[in-house]
Amino acid sequence: MKKDLVSISDLSGEEIKELFKTAIDVKHKQMEVARGKTLVLVFEKPSLRTRVTFSVAFFQLGGQVLYLAPADIGLGKRESVPDVARNLSRWVNAISARTFAHKTVEDLAKYADTPVVNALSDAEHPCQALADFLTIYEHKGKTEGLKMAFLGDGNNVAHSLMLTAAKVGANMAVGCPKGYEPKPEFVEKAKEDARKSGAELVITSDPKEAVKGADVVYTDVWASMGQEDEAAARKKIFAPYQVNAELLKLAKSDALVEHCLPAHRGDEITDDVLDGPHSVVLDEAENRLHIQKAILYKLLARN
């Protein structure tokens, strides 16, 4: 692995598969590579899963965690991002950053001597996508040749899922309203990687086309943090993309249902699907812990 994990593009397909193996391994072993070391969480956004899983992961690796809330630093306001990065490098052994702007994570990685992990930015959510595909790998025994259908906004999660799918040989169909497609640069990068792995990427405005024959059906909230003022309008636009029992019938009979959480029940997904027999959302949530433990293990071993 490189020094940092800022984007899925920082990883090769083989490195992703190696992370899966390590994550499965660390579920059952104590690997205290972080004894005497400190991870700092630099968060500009509130969090449940990300904060808890990174904290527990580093603790289980033998280290300690320091949490810095938005008001503690004021990234780019009270102090420049390069100065924050250079100072933190003198005190801690790794940085996990959950930010609004993707450039903030890039700059932290550029100016910090210690490893930086993207715990979410407006462009990508790599740890989430890796946890999602680890869950698929555990349930299906493979990723190559499977089809994932993503329904909803072409957001940061969609970007990272596309990039991951392409690298591990999984086909992907993104179903979203016109005007809400994933950003072109991520589509092109994913298609480039898909050509190498033999995978296929399709962007469509037809939710039924996206879900047809899918091995995995994935959805996310229609309005992300920072888009609350658009929530009412988006609810009407995205209504046809709701993952419900009727739409799920178009997928394979043993299809998995994934959601990165938190879920807006009754909007992007119905209760009976989220809590139903196809749902693996709690496995995904648990795997955030294990994949992040694997990432930190690999980065600390490298550095």
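In this predicted model, Lys17 is partly exposed, since its relative accessible area of 26% lies between the 20% limit for buried and the 50% limit for exposed residues. The residue pairs with Glu144 in a salt bridge, in which the closest N and O atoms are 2.8 Å apart. This pair links distant parts of the chain: Lys17 belongs to helix α1 (residues 13-26), whereas Glu144 sits in the loop between α6 (126-140) and β5 (147-151), and 127 residues separate the two. Glu144 is likewise partly exposed, with a relative accessible area of 37%.

Side chains of opposite charge can pair when their charged atoms come close. In this model, the count of salt bridges comes to 21. One of them joins Glu32 to Arg35, with 2.1 Å between the closest N and O atoms. The accessibility of the two partners falls into separate classes: Glu32 is partly exposed at 38% relative accessible area, while Arg35, at 56%, counts as exposed because the value is over 50%. A further salt bridge brings together the side chains of Asp271 and Arg265, at 3.0 Å from N to O. Here Asp271 is partly exposed, with a relative accessible area of 42%, and Arg265 is partly exposed as well, at 45%. Beyond these pairs, salt bridges that share partners join Lys167, Lys189, Glu192, Asp193 and Lys196 into one network.

Two packed helices are described by the angle between their axes and the distance between the axes. For helix α4 (residues 81-91) and helix α5 (residues 102-111), the packing angle is about 45° and the axes are 8 Å apart. An angle of this size falls between the 35 degree limit for roughly parallel and the 65 degree start of roughly perpendicular, so α4 and α5 are oblique to each other. The crossing of α4 past α5 is right-handed. On the α4 side, the contact is made by Val81, Pro82, Val84, Ala85, Arg86 and Ser89, which meet Thr104, Asp107, Leu108 and Tyr111 of α5. Sorted by class, this contact has 6 nonpolar, 2 polar and 2 charged residues.

As α6 passes α7, the crossing is right-handed. The residues that meet are Pro126, Ala129, Leu130, Asp132 and Phe133 in α6 and Ser160, Leu161, Thr164 and Ala165 in α7. By class, the contact of α6 with α7 has 6 nonpolar, 2 polar and 1 charged residues.

Leaving aside residues up to four places away in sequence, Thr164 touches Ile8, Ile16, Ala129, Leu130 and Phe133.

Note on methods. Residues are numbered from 1 along each chain as its sequence is written. This is a predicted model: local features need pLDDT of at least 70, side-chain atom pairs count only at pLDDT 80 or more; totals for chains, interfaces and linings use all residues. Side-chain values use heavy atoms; hydrogens and water are left out. Axes are lines fitted to C-alpha atoms, for helices over the stretch in contact, and angles run from 0 to 180 degrees between N-to-C directions. Helices (H or I, at least four residues) and strands (E, at least two) are DSSP runs, numbered from the N terminus. Angles under 35 degrees count as roughly parallel, over 145 as roughly antiparallel, 65 to 115 as roughly perpendicular and the rest as oblique. A crossing is left-handed if the near helix is turned anticlockwise from the far one by less than a right angle, and right-handed if clockwise. Contact means heavy atoms within 4.5 Å. Ala, Val, Leu, Ile, Met, Phe, Trp, Tyr, Cys and Pro count as nonpolar, Asp, Glu, Lys and Arg as charged, and the others, Gly among them, as polar. A salt bridge is a side-chain nitrogen of Lys or Arg within 4 Å of a carboxyl oxygen of Asp or Glu. Buried means under 20% relative accessible area, exposed over 50%, partly exposed in between (1.4 Å probe, protein chains only).
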